[in-house]
Structure formats: structure tokens, C-alpha cells
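Reader: Please take a close look at the aromatic rings in this model, with geometry and cut-offs stated.

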Amino acid sequence: MDVLLVGGANSLMTAMIDKLNKEGHRIYVLMEHRFQNFQNRKVFEYYYFPYDSDCLKEVFESINPQLILCMGAFDTNYTWTDARKESVRYSLGITNILTTFAARQSGRLVYLSSEEVYGDSYTVDITEDTPTSARGFRAMALAQMEQQCRNYSRQMDLDVVVLRLDHLYSRPRRAGECFHIGAKMCMEGLRTGKISASDRYQVSMLHLQDAVDFIYQVCACESHRKSLYNLSSSKMITQMEIARILCDRLGPDVQIEDNSVGSVHRVVLSNEAFAAEFRQSIRHEPQEAFTQLAIYMKKHRNEFLIADGVRDNFLSRILGKSAALFWALLPFVENLICFIPFFMLNNRATDSKYFAKLDFYLLYVLLFAVVHGQQQATFSALLSILGYVFRQMYGRTGFEVMMDYNTYVWIAQLFIVGLIVGYMKDRLNVMQEENRQEIHYMESRLDDISDINASNARMKNLLADQIINEEDSLGKVHDVTSRLNNYEPEEVLFYAADIVAKLMGSKDVAIYTIANRSYARLYSSTSRQARKMGKSIQYLEMDDLSEALKERRVYINKKLDERYPMMAYGIYSEDEMQLILMVWGLPWERMTLAQADTLSVISDLIQNAVLRANRYLEALEDRRYISGTPIMEEEAFTKLVRAYLTAQTHGLTECALVAIDIKAFTMEEAAEKVRGVFRQSDYLGVMSGKLYLLLSNSDENAAGFVLERIRKLEMDARVQRGIDL
């Protein structure tokens, strides 16, 4: 959809642009001023108009946005240095945006507010129904705009949503972004060596990335129940706790100054309404985030302190201005030095028979006009006049020289030639600079066009191969994946990896099964490279990969991170993820959306065979196990062992079969003793009247640890080789 962001440049604006671009939306930005350092390539078009301008109607009609996101409380177009005047300008601007939006009668408008609308202290978490208690012009303006947005939503039946962010914080990149509690306290510690804190100041912090995720949930939803939501972590933290976290990383040079006086001031917004409707939770804890903030600001302390004016003392100002003055005076010094040899040459040439007609001063002026331009040409002409007058006064008085019309003709000639040549030099410099800027701009456009062309060429070649060879057609994919129905239920997952490898054109494919909500275990793989991540992984800690799996989309390793596969996709059963398919050996040119769609289709077709096999095994659960024990019946266990050994022969998995001599114990007693030895992914069963343990994804070396544990249970065990099934 087309999205219009209204607000000035800041970290929240940048993060929202990244999120919206990642989700495939077209982005427009409306801001009042041209921020020279804010030109984001992900923005389709910029508009620079005051918010109270009549041009907003034409802007809205031109874009026709489905979503308008107004930065509101986080709009850097408002400095709030004069809060009274800014509150009036702010109210006019937001009101004009609302009225222009209301005239269109389509789309959704999201307005961002903050916890500043609550100036009192509250003993319980603040809900959306709690009346505001604004203190100051800025807070009152925010509260009034909140109410006005809700009035437009209720009385004019418009889709207007107010999102109230609770103490937004992030890691600042420069001193100007230190607007939240943690950054201000860290700056204070770096500047003075002390952090003033109180354990009676209690707040709830919301990380920037969590806020972006929450905002996008509201922006992208089809419908919503309320017109106002609190966005908060709802986890209370005191100012003293923040100070302790910062001091632990800033070092012993920074101390805490306890200012715990007065009554408790508590402002914590409740996000129960938002969490109940959108089921979104925070991912960034304040403790970890503030730790990283302190590490970063300590590492770049000079940049923050210099930008904050701490080191901008008298000496540094003098040195800075002296350097600027030196570079400004350097051309004039060069001009003076060069004047001396030309003055001497002119004096020698005056009495010379051959060089008397040669005007060295004119050459001198032309030289600096050609090299430095009009300004230095004027200065060199003035020096030449002084030198000429001084030389003429050798034989005449100054009055006679000044009364000689030849003097003025010569001066006019000097200035005319020098200024014209200098002007041409200046114009040439301007034209060269314009050409350089145009070339730079065209080169950047050429890079973009080259990237687009390369992507289109890859897509064209891929589609051509698909049409000509028909290797990746849907019919071919369905035909190959349907072969899984011919395998035994125990064999489906082994050969699923082989089928994915063939269809994706990769030799390195792995299938992981979900052991619990955070861990996954390797079930089958086609190569050593595919087993690179290990036999057990904690997939929830894998950043982009984990996020893609949660959102049920194909993960593409755009950063070419060697730790992660080139592509991955999760197979779900209802709302629970069951499997993770990982494809490693893919060339860069095949990492396209078409290939991602192919993996998605393959996974969905494989899912049918996997679910059929799992349901079949669950239906026969009572028949496959000896009642009341973890021991599998001989027939079921024999099929399972045969499936594992066959898959091992084809290089799809590793396994080890351990024969257990139970000695004087019964089968049931032995099973109870061995229960604590093997994993959930291992199997205990009976073959030919003997007890066996099948270790999945384990070789004989790994089986050695299991053998030692079994022997400690007063039973004997050995690895069974060459068994005939």
C-alpha cells in the first residue's frame, strides 16, 4: 500500500521507513524543512510544505495514501524552544492534516502521542480510559490533539487511531538524539563522573524496535477495536536501577548520586488492551538495552562529549578558528610571495633593450586569475598597481605619476583583463562543480538501474529455464513430492530432505524437528555442509531467521551470513511449528523471490505427507509400544531401525544401534533404568527377544558415552554392527 509519513527526520522515522520498505510498501514523506542529511533511498518521494499549507490537499490527492502515519509527539519539525508559540503552530498543523484527511473519507490515519500527557503520579498502571493530566504547553498540545483525533474518529466515522508510546528509548548515534532518561543519565555520567538518580522515580520503557513493530501491527491490520492504544512494556523500572546498569558498564570512574527525596512519582502505561487484541510482546528488555547503550556511548564518548560542547573550551575554539583563518589566508600569502619575483623582474626589464615592452605585472595578474579566479586577480592587480607606482617614483614625484593619463590606461587594462579572466575562471569552476554533481547523481542512478537490470536479468533467466526445461514447474514439483506417499511413515522425513535438494538445485539440505518452543533437533540432512549448525539449535536466538519463521515466510540470507542457511522455511501444523527446512548450497543469483516461492510450495506439499505419516503413527501409538513402557514392539521397532539404516546408507542421517544385555533384569525393569540415559529423539525397542537402543543423529563415537552410562546401571551394552533385517 501507499504510505505517507508526516514528520521530521529522526531515528523513529528512519526505523519506520525500514520496516515499511521491508514489508513491500511504497513510502512518501511530508516534512516542513529540507533536512540535508536525511535522504533515504527507500523513500519514493519527498514533499516539503508547512503542515498548515493549503497544498496538503493536492499532496494527498497526488499520493492517494491508504495510510497516513503522523509522527506527532516525535516530530522534529517542532523545536519547542518557545513552547507557547510552538503549541499553537503544532495544533494548527495537526488540525489541517486531520481536516484534509477527513475530506478524502478513505484510508487510515495513525497519530503518535507519548506518556507526557500524564503529569501526575499513578499508583496503578494507566489504561486508555484514564483521563490525562497534562502539565505544560507541549503536554497540553499533545493531549488536545489526542482528543481531537478521537473526536474525528467518533463523530465523522473516520479510521483514526492514536498510539500513546511509553518512554520511548533507543541507542543514540549522536548527542542530539540523547532525549530519553537512559541516554541523558549516561551523558551526565560521561560529562561529570556522577549520575543523579532516585529510586522514587518509576517508569516503564519501550524500545524503539518494539515500538516500530507495535505501530506496524496497527497500521497493517484490517480492523481494530479501539481508537486509542497504549504501547508500553508495562515493566516498571526505577531511575536508580537504570543508573546501576549504566555504572556497571561505564566503569568505576562514574558514581551514583542518590537523590531519593520526596514522594514516589510513578507513570507506567498499561498495554493490556493492545496485547489482548494484537498478541504482540516486547523483544528488548531494558536491562540488556541499557547495557548495550552504555557500552556504545563509552566507546564513542569523545564524539558525544565534543558534540555536547564539553570539550569546546577557549583553547579548542582558538585552534579551530586559527585553522580556518590559515586556510582562508593561504591564497593571499601565496599571492604576496609570488609578487616579489615579478616585481624584481619588472624592475630589471624596464632598462632592458629586449624586455622593456614586456609587461610582467599583466602576466602576474593573468596567472592568478587563471589559477584562483576573480578574487585573487583583484588582489594581484592592487599589488601590481603599488609596484608600478613605486617603480615610477624612482624618477618622478608621486603627483606627476598620478596625473599621468598613461597610468590610468594601464590600470584599466590590468583590471579589465584580470577581472574578465577571473570571472571566466569562476564560471568554469561553477560549471565543473555542477557537472561533478550531475555525474555523481547520474552514477548513483546508473547503479540503481544496474541493480534493477541485474535482478530482472536473473529473474528472466530463471523463468526462461523454468519454461524451457520445466524442471521447476508446479506439475513437476507436485509429481516429485507425491512420491513421499509411497514411503513408510518412518521414512518420510529422510527422503523429504533428498526431494527438497533435487527440486531446489542444492546438495545441502537439512530438516530440523522442533523439540520444544526454543530448540530444534537435526532429523535428516544431505551433506556435511547441511549439518553445519549442529545437531541441536536454539532457533529463537537467530534474529532475522527466527523472525521470518514466526511470520511464516521464507527466510532469505541477504547478508550472506555464513552462520545461517541461504534459505529456510518452517512447516506448521495448525499454530505450532513442526519442522524447519534449511537450504545451504544456493548461488547468489538463485536467491530470488521466485526461488523462495518454490521452496514455499515444496514445503506445503511435503507438509501433507509429513502430517499423514505423523497421524498414522499417532493412531497406532498403542500398538507400537508395549503397554506402560517406553519399549517399542518388535515389528514397529524393526521398521524404524530399517528406515534409519537405509537412510544412513544414502547419507541422509547418522545413527547407532546399541544392543543391551539386561542380565538378571526383566524388560520392564531394564527400560525404567535406561529411561534416563537416552534422549527424546532416541528409541528403545525389542528385536529377536533382545533389548536395543536406537540413537538418532549419533555415530559410534557419540554412542560410547551412552555405553558407559548403561554399564554403570549393572547391564552390559555394545554397538551392534552388520545386523540383518
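Author: What follows covers ring pairs, a cluster and charges over rings.

This is a predicted model, in which local features need pLDDT of at least 70, side-chain atom pairs count only at pLDDT 80 or more, and totals for chains, interfaces and linings use all residues. Residues are numbered from 1 along each chain as its sequence is written, and side-chain values use heavy atoms, with hydrogens and water left out.

Rings of Phe, Tyr and Trp (its six-membered ring) pair if their centres lie within 6.5 Å; planes under 30 degrees apart count as stacked, over 60 as edge-to-face and the rest as tilted. Searching the whole structure gives 24 aromatic pairs. One of them joins Tyr118 and Tyr122 edge-to-face, with 5.6 Å centre to centre and 90 degrees between the planes. Both Tyr118 and Tyr122 are buried (under 20% relative accessible area, with exposed over 50% and partly exposed in between; 1.4 Å probe, protein chains only).

Tyr523 and Tyr644 form a tilted pair, at 6.2 Å centre to centre and 50 degrees between the planes. Tyr523 belongs to strand E16 (residues 519–525) and Tyr644 to helix H21 (residues 634–649), so this pair ties together parts 121 residues apart in sequence. Helices (H or I, at least four residues) and strands (E, at least two) are DSSP runs, numbered from the N terminus. Tyr523 and Tyr644 are buried too.

One aromatic cluster is formed by Phe339, Phe342, Phe343, Tyr361, Tyr364, Phe368, Phe390 and Trp410.

As for charges, the charged end of Arg171 sits over the ring of Tyr296, 4.2 Å from its centre (NZ of Lys or CZ of Arg within 6 Å of the ring centre and within 35 degrees of the ring normal). Arg552 lies over the face of Tyr572, 4.1 Å from the ring centre.
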